[in-house]
Amino acid sequence: MTKYLILGDVMLDIYLYGHVGISPEAIVDFRFAEKMEMKLGGAGNIVSHLSKVGTGDFICCLGQDIEKELIMSMLMNLSFEAHWLDIPRTTTKTRYLDQTDNKLLFRISNEIYHSVNLLELKKYIEKIDYDIMVISDYDKGLLNGNSISLLLEDNKARPYIYIYI
């Protein structure tokens, strides 16, 4: 079985499905949520899909908040071991959808850009045995152009997949 090392920005995707009406105060009146779904977003989505065909490790950034706990509980059901660097707040994307046609009405992004110490990230990577490195960059701060170049140079003997969103 292939062992992956996934590096990337994880986020919590929340989907709220509700009734939509006309409001004299706003463009859209989202009345109430009938249904809520939470999913792994960003690089977490990659982990979710690759856990069906392989195993490995996932390095990401998580805040000290309830969103971290929700993400960790979702990751526990997958075949990847999670490692994280602490940041002030976990990225969350909340989408409001009309439940009659699943049309996206609006999205609220709760995120801050953060900078990660490359040496700390390298320490994690050096301890992990893997076949393929997957870099899933959403430009939230775990990685940047310079750090990606350095990581690929350090690991040039191994195959990698780079996904930039």
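## Helix α4

The face of helix α4 that points away from its buried side carries two exposed residues, Gly145 and Asn146. The model is a predicted one, and in it α4 runs over residues 145-154.

Buried in α4 are Ser147, Ile148, Leu151 and Leu152. Around the helix axis they cover an arc of only 130°, so they sit on the same side of α4.

## Helix α2

In soluble globular proteins, nonpolar side chains tend to be buried together. The largest nonpolar core here has 23 residues. Within this core, Ile6, Leu50, Phe58, Ile71 and Leu75 have the most contacts. Two or more residues come from each of β1 (2-8), β2, β3, α1, β4, α2 and β5.

Leaving aside residues up to four places away in sequence, Ile6 touches Ala43, Ile46, Val47, Leu50, Asp57, Phe58, Ile59, Phe80 and Val134.

## The whole chain

The protein has four helices and nine strands. Along the sequence they follow the pattern β-β-β-α-β-α-β-β-β-α-β-α-β. The C-alpha trace spans about 60 × 30 × 25 Å along its principal axes.

Of the 165 residues, 47% are buried. The accessible surface comes to about 9100 Å², and carbon and sulfur atoms account for 52% of that surface. Among contacts between residues at least 6 apart in sequence, 71% join residues at least 24 apart.

## Confidence

How confident is the predictor, and where is its confidence lowest and highest? The average pLDDT of the protein is 89, and 99% of the residues score at least 70. Confidence is lowest in strand β9 (residues 160-164), with a mean of 74. Confidence is highest in helix α2 (residues 66-75), at 96.

Definitions and conventions:
Residues numbered from 1 in each chain as written. Predicted model: local features only at pLDDT ≥ 70, side-chain atom pairs only at ≥ 80, totals over all residues. Heavy atoms only, no water. pLDDT = per-residue confidence, 0-100. Core = buried A, V, L, I, M, F, W, Y, C linked by side-chain atoms within 4.5 Å. Buried < 20%, exposed > 50% of the residue type's maximum accessible area, 1.4 Å probe, protein only. Contact = heavy atoms within 4.5 Å. Arc of directions from axis to C-beta. Areas by Shrake-Rupley, 256 points an atom, 1.4 Å probe, with all protein chains shown as cover.
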